[in-house]
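Please look at the sequence and the structure together, and keep both in view while you read the explanation below.

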Amino acid sequence: MPRFCFVHAADLHLDTPFACHQASSPRIAEALREATFQAFDRVIAACLENDAAFLLVAGDVFDAAQKSLRAQLRFFQGLERLARQSIPVFVAHGNHDPLDSCSASLRPPANTHVFGPEVETREVRRRDELLATVTGVSHPGKSELRNLARLFPPPNP
């Protein structure tokens, strides 16, 4: 198999409303408001700087079912930057931002695959050469009771 790198990010919780910012100075409050976005920007930069074969975003991209428009725009802008470099993205939503949650009508770019409520496996290819297979599943609702890990197929030897 050819050598490659990929980037994995989990629990981004974009636009998390830090409770302590109310008692902090305005400068600290602003830094806290931007912290999750800066972390995500660094994830995107790492993909671009390292010519990542793909980005895997696992669980809780957003902080809540009521995804802020600001968070969605920033997330999709990052995905679009990767699309311009033909870097695929795989997203599995978690219990904070399940598939049945409310959101604006923003659609991710074509380079992005959002896993559905059932386990799926997707191939990652570069120049028609198979690099990896990525298996994932998203939380269909906030109160998912199944152990989603048990739904995954056993690894191939």
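Predicted model: local features only at pLDDT ≥ 70, side-chain atom pairs only at ≥ 80, totals over all residues.

Residues are numbered from 1 along each chain as its sequence is written, and side-chain values use heavy atoms, with hydrogens and water left out.

Begin with helix α2, which runs over residues 69–84 and has 16 residues (helices are DSSP runs of H or I with at least four residues, strands are runs of E with at least two, and both are numbered from the N terminus). From its first C-alpha to its last, α2 reaches 22 Å, close to the 22 Å expected at 1.5 Å a residue, where the expected span is 1.5 Å times one less than the number of residues.

Several residues of α2 are buried, among them Phe 75, Phe 76 and Leu 79; buried means under 20% relative accessible area, exposed over 50%, and partly exposed in between, with a 1.4 Å probe and protein chains only. What covers them includes α1 (26–49), β2 (55–58), β3 and β4.

After α2 comes Ser 86, whose phi is positive, near 60°. The C-alpha atom of Ser 86 is separated by 9.7 Å from that of Ala 110, 24 residues apart along the chain. Ala 110 is found in the loop between β3 and β4, and counts as exposed because its relative accessibility is 85%.

Note on methods: Contact = heavy atoms within 4.5 Å.
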